[in-house]
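Q: I would like to learn how to read a structure step by step, beginning with a single residue and moving out to strands, helices and chains. Could you guide me through it?

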Amino acid sequence: MHNLRAIGRTAQMAETPHLRHSGLVRITHWLITAAFLALLVSGLEIVVSHPRFYWGETGNVNTTPLFKIPIPSSRNLVPTGYGYVLPDQNGWSRYLHFQSAWVLVLTALLYGFAGLFNGHFRRNLLPAVSDVSPKRLVSSIVEHLRLKRPSAEEAWSYNVLQRLAYLLVIFILFPLIIWTGLAMSPSFVSAVPAAVNILGGQQSARTLHFFLTWALVLFLLVHVFMVFLSGFRSRVRAMITGRAAEPLERV
Amino acid sequence: MIKLSRRKLLTTGIATAAGASGLVVAAKLAKRYGLIPPDSGGIYGPGETLTYAAQRLLTRHSLAREFSRSQISAKPFANEVAPLGDEFERHKQKAFAGWRLAVDGLVARPASFSLAELKSFPRSSHITMIQCEEGWSYIAEWTGVPLSHVLERVGALPQVRYVVYRSFQPDWWESIDMADALHPQTLLTYEINGGELPVGFGGPLRMRISRQLGYKSLKYVTQLTLTDNIRKFGKGLGSAEPEGGYAWYAGA
């Protein structure tokens, strides 16, 4: 009886295909993708109601902006140089923005804690010490600039630039964009004033939030481009089903 | 073929049951402790409820940041206001001598106060930032009578859960929960930066909610109604804002 069960378990393990991405990584990847796109669209809509950015605590149409975006506005009193006003979309944009922010934050917390405890970050994202030498980095950059298709082995692992880019996005850009978002909340900063004071003021937080958005959009564009370069169908299939073509030495 | 071992089935079942009953308990507790906003229905309800509940748990008694006098904005911005009409113009010509604030609903002593009476009550000031949902802001010193003082004066009944406030502008009304109604920075303001509150900024009387976006700081306040049932007002969403597509709770 005991033996039979042991045999059964071994057989089950052998049947389980080796997965490129764990279920948790796949689910959180697509949840964050959906939340990010919703945040991007709704965030840009909100910017349309005041396409001016300031530095410091305060700013309004009576004060000098740090910069303006040359687009029409959805508000009458914003001087844009355009002779027309766009329809107000802030209601649903704001509802969607905050709801998506909750999806993003809760998913990111799940991914982050799971990644710390199950070794995902250490195993899959932390580059080998030998790989972060200037020589290796330069050669990896050159390979990328030549748009060289990755080797079959790279379908099962990330290269050093990829690892550094993912670490930058996961541990720096996303925490910063969440922080700068919270720093704009009048209620949140009433409880945690340091969140906005450290950034130099509420309008500074808004401006930083805007720049961080473009940093993440840039990552998204490069990320999707690299997926195309290395085989769109196989890479997207791996992120949906978890399965990828086995490299030769594994077969 | 999907293989489900008995153990897996059992643990999944227990986890699902625990999760479901956890959600039910959380919903009951949230309702009991007033953590559900009036506009919690609809597709954006979950996000709104999470924001409101989280901020009521974490920031119920916190004070909005106060600034030094030197940080007061030299150029504040009075947002666009729809034409206020002839009746308002007549009030203005008489320096708002006939302006009244009616207080009714669940109160022991319904009352109506003139501006002079409101100004004779204890006054309070704070230098705080007002932020518009659009993204702009300014810092000003606001002076007025704490709303809590007015509520005390009329004898607010213990079952009151919301204060509904109306503007001279028809169809403009707002409401706040008791955490904001009794908050020390919540003022019925009649002065800005040491001078009379101009009409553009909401004069003669503006509600100032320090920890929420500007649209909760309703201009031209004429009436307060204390209630235990916010659903009775308008479409039952808590204020005119959700009826126009904006969130009731603007702590963001």
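A: Let us begin with one residue and its surroundings. Two residues are in contact if their C-beta atoms, placed from the backbone, lie within 7 Å. Leaving aside neighbours within four places in sequence, Val160(B) is in contact with Leu106(B), Met178(B), Leu226(B), Thr227(B) and Asp228(B). This is a predicted model, in which local features need pLDDT of at least 70 and side-chain atom pairs count only at pLDDT 80 or more, while totals for chains, interfaces and linings use all residues. Residues are numbered from 1 along each chain as its sequence is written, and chains are lettered from A and ligands numbered from 1 in the order in which they are written.

Q: Where does Val160(B) lie, and is Val160(B) buried, exposed or in between?

A: Helices (H or I, at least four residues) and strands (E, at least two) are DSSP runs, numbered from the N terminus. Val160(B) sits in the loop between α5 (147-154) and β5 of chain B. A residue is buried if 20 or more other C-beta atoms lie within 10 Å of its own, exposed if 12 or fewer, and partly exposed in between, with C-beta atoms placed from the backbone. Val160(B) has 18 C-beta neighbours inside 10 Å and therefore counts as partly exposed. Glu89(B) is 71 residues from Val160(B) in sequence, and the C-alpha atoms of the two are 35 Å apart in space.

Q: How many strands form the open sheet, and in what order?

A: Two strands pair if DSSP finds at least two bridges between them. In chain B, five strands form an open sheet with mixed pairing, in the order β2-β1-β10-β5-β6. At its edges stand β2 (111-114) and β6 (173-177) of chain B, each with a single partner strand, so one side of each has no neighbour in the sheet. On average, neighbouring strands of this sheet are turned by 20 degrees against each other, direction ignored. Within the sheet, β5 (residues 162-167) and β10 (residues 221-227) of chain B run antiparallel and are joined by six bridges, and the bridge partner of Ser167(B) in β10(B) is Val221(B).

Q: Which strands are joined by bridges to β7(B)?

A: Strand β7 (residues 187-192) of chain B is mostly covered, since five of its six residues are buried. Five bridges join β7(B) to β4 (residues 137-146) of chain B, and the two run antiparallel; here Gly144(B) stands opposite Thr189(B). Strand β9 (residues 206-208) of chain B is also antiparallel to β7(B), through three bridges, with Leu187(B) opposite Arg208(B). Two bridges connect β7(B) with the antiparallel strand β8 (residues 195-196) of chain B, where Ile192(B) has Gly195(B) as its bridge partner. The hairpin of β7(B) and β8(B) has two residues between the strands, and Asn193(B) takes a positive phi near 50 degrees there.

Q: At what angle do α6(A) and α9(A) pack?

A: Axes are lines fitted to C-alpha atoms, for helices over the stretch in contact, and angles run from 0 to 180 degrees between N-to-C directions. Helix α6 (residues 160-182) of chain A packs against α9(A) at an angle of about 150 degrees, with the axes 9 Å apart. That makes α6(A) roughly antiparallel to α9(A), where angles under 35 degrees count as roughly parallel, over 145 as roughly antiparallel, 65 to 115 as roughly perpendicular and the rest as oblique.

Q: How many residues does each chain give to the contact between them?

A: Chain A gives 33 residues and chain B gives 36. On the side of chain A that touches chain B, α3(A) gives the most, with nine residues.
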